[in-house]
Amino acid sequence: IKQVVKQMFYIIGAITLNNLLLRKDMCSWSKGMQIRYNVSQLEEWLRDKNLMNSGAKETLEPLIQAAQLLQVKKKTDEDAEAICSMCNALTTAQIVKVLNLYTPVNEFEERVLVSFIRTIQMRLRDRMDSPQLLMDAKHIFPVTFPFNPSSLALETIQIPASLGLGFISRV
């Protein structure tokens, strides 16, 4: 169950982040608030179902950071430093794309200045991350099965002749 939930949360996070990176109408302060609220509802569900240690919450980290990026101030060098330290689950390309797509929806918000985006790029230039923009929504985590030793000793098992497994011999 934990592995299935982790895979489902990864898919939710990847598809949502990819939509955010491809749609200008998704990159606003209010959408950041909406995404963060929805993610908090998913986190609450994990807590209620006692699945916090499933790894599912960690798969949402890039989406959480993108939502926070939409909500923080984006003007000063201190803001740039805060963004660079906060967005460690996002690639530089993803951070820059969100900042470029950021679209104010009311008069209290402003577009992100090109100089601010360049400051972010300069601060992140030494970061060794993938140039990949979109998340792989088809990524599948490996399935692991717990080892449960049998209480039966192998020496006591009898193989019926009707199975036609005469080529198997006991050593």
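What volume does the largest pocket have? I read about 270 Å³ for the largest pocket, a volume being the space filled by probe spheres set on grid points joined across faces, edges and corners. A pocket here is an open set of points on a 1 Å grid over the protein atoms alone, where a 1.4 Å probe fits, with protein on both sides within 12 Å along at least five of seven lines, and lining residues have an atom within 4 Å of a point.

I noted that this is a predicted model, in which local features need pLDDT of at least 70 and side-chain atom pairs count only at pLDDT 80 or more, while totals for chains, interfaces and linings use all residues. Residues are numbered from 1 along each chain as its sequence is written, and side-chain values use heavy atoms, with hydrogens and water left out.

Back at the largest pocket, 14 residues line it, and Lys-73, Lys-74, Lys-75, Glu-109 and Glu-110 are the closest to its centre. I sorted that lining into seven nonpolar, one polar and six charged residues, where Ala, Val, Leu, Ile, Met, Phe, Trp, Tyr, Cys and Pro count as nonpolar, Asp, Glu, Lys and Arg as charged, and the others, Gly among them, as polar.

The second largest pocket holds about 190 Å³, and its lining includes Lys-2, Asn-53 and Phe-141. I counted five nonpolar, four polar and two charged residues in that lining.

I then turned to the helices, which are DSSP runs (H or I, at least four residues) numbered from the N terminus. Helix 1 (residues 2–22) and helix 2 (residues 29–48) pack at about 180° with axes 13 Å apart, the axes being lines fitted to C-alpha atoms over the stretch in contact and the angles running from 0 to 180 degrees between N-to-C directions. The two are therefore roughly antiparallel, a term for angles over 145 degrees.

Against helix 6 (residues 92–101), helix 1 packs at about 50° with axes 8 Å apart.

Note on methods. Angles under 35 degrees count as roughly parallel, over 145 as roughly antiparallel, 65 to 115 as roughly perpendicular and the rest as oblique.
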